[in-house]
Amino acid sequence: MHGRLGTTAGVVLLALIYTHMVELQHQCLHHSAFRRSSLHRPLGFLLGLPLLTAYSHYRTQHLQHHKFLGTSRDSEFFGFDTRAPLTLPTLARAMVSPARLFQVCVDMLASCRGTWHYPMGTISPRAKRHVVVEYRLFALAVAGAVALSLLGHGREVLLLWVAPLLLSVPIHFLLELPEHVLCDNDSTDVLRNTRTISGSRLSRWFTNGNNFHVEHHAAMVVPINRLAERHAVAKRWATHTEPSYPRFYLRVLREARRNTARENPLGQEGAGRRWPTDGDAAHEAGNGPDPPR
């Protein structure tokens, strides 16, 4: 397709595909995608290549996330501070933040120089070698893209990789956000610190079953494509459940707007207004004390 509309549609489609590939990579991390364990790393690396998500680095840090969830040692790979107050500026900054891509550049440079180290705890010498090799391959891919651009193919590099990569940042953020935000992050109970979403057939496919996140944390060795069989139990006992992604995003937006309004000083437009809370609803129904003013 030619023209701006076709170009834009193509970039968006590629960003969605590349993001979906990282969701498939996630299953490779847990060695539950293939019967042959040896397939997980090479195919997992290729799945993460478009978004520069190093398989071995992601696997090391993600398994620690499973182990230390609910503690101060939690270290999710796509970092977002779920304990900080949720406000509109916080969400906006996190959605478009180039921090992870900047860190990838740092890791590529350190790997090429032979100085890469793992700052989040312990890592085996074998895993470290794998990480270094993968970041060096990323650097080779970037160098190849630069060479193609210098040879007159810059537009293709921009539309087929760079633009989808940048657009995937907010898309992937929105996919990762529901997992633990607004949950009981000081608890080590996966029924309290994690959220499960029933979702539609499309969302279940696009996230590769990552919507069943309580189920995944409760039994991470179960293949992700089998987690739907556990959803009825998780939905019954989990503290944080949502029927769909739109309902979750609406809830997050309301919470962020409420917190943002509380932080705004008096004198601005709308000063003195508060977003309604559960305490307000209880007071109006005559079932609770006056909410604080």
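Mentor: Let's start with one term: contact means heavy atoms within 4.5 Å. This is a predicted model, where local features need pLDDT of at least 70 and side-chain atom pairs count only at pLDDT 80 or more, while totals for chains, interfaces and linings use all residues. Residues are numbered from 1 along each chain as its sequence is written, and side-chain values use heavy atoms, with hydrogens and water left out.

Trainee: Okay! How many helices and strands are there in the protein chain?

Mentor: We take DSSP runs, numbered from the N terminus: helices (H or I) need at least four residues and strands (E) at least two. Going from the N terminus on, you'd read α-α-α-α-α-α-α-β-α-α-α-β-α-α. Tally that pattern up and the protein chain has 12 helices and two strands.

Trainee: And what percentage of the 293 residues of the protein chain count as buried?

Mentor: Buried means under 20% relative accessible area, exposed is over 50%, and partly exposed is in between (1.4 Å probe, protein chains only). Among contacts with a separation of 6 or more, 65% join residues 24 or more positions apart. As for the 293 residues, the buried share is 43%.

Trainee: Let's zoom in on H3. Is H3 largely enclosed or left open?

Mentor: The buried residues of H3 include Tyr-55, His-57, Gln-61, His-65 and Phe-68. In total, 11 of the 14 residues of H3 are buried, so the rest of the structure leaves H3 largely enclosed.

Trainee: Which helices do the buried residues of H3 pack against?

Mentor: Two of those buried residues are Tyr-58 and His-62. The buried residues pack against a whole group of helices: H1, H2 (40–48), H5 (99–113), H6 (125–176) and H9 (213–218).

Trainee: How far apart are the end C-alpha atoms of H3?

Mentor: The expected span of a helix is 1.5 Å times one less than its number of residues. For the 14 residues of H3 that gives 20 Å, and the model agrees, with the end C-alpha atoms separated by 20 Å.

Trainee: Which residue takes a positive phi just after H3?

Mentor: Follow the chain just past the end of H3 and look for a phi of about 90°. The residue there is Gly-70.

Trainee: Where is Leu-182 placed?

Mentor: Leu-182 isn't a glycine either, and its phi is positive at about 60°. It is partly exposed, with a relative accessible area of 24%. Its place is the loop between H6 and H7 (190–193).

Trainee: Which residues is His-20 in contact with, leaving aside neighbours within four places in sequence?

Mentor: His-20 sits in H1 (residues 3–29). It has 12% relative accessibility, so it counts as buried. Leaving those sequence neighbours aside, its contacts are Trp-205 and Phe-206.

Trainee: Last one: which elements do the buried residues of H11 pack against?

Mentor: H11 (residues 245–263) has 19 residues and reaches 27 Å from its first C-alpha to its last, close to the 27 Å expected. Its buried residues include Phe-248, Val-252, Arg-258 and Thr-260. What they pack against is H4 (88–96), strand E1 (195–197), H8 (201–206) and strand E2 (240–242).
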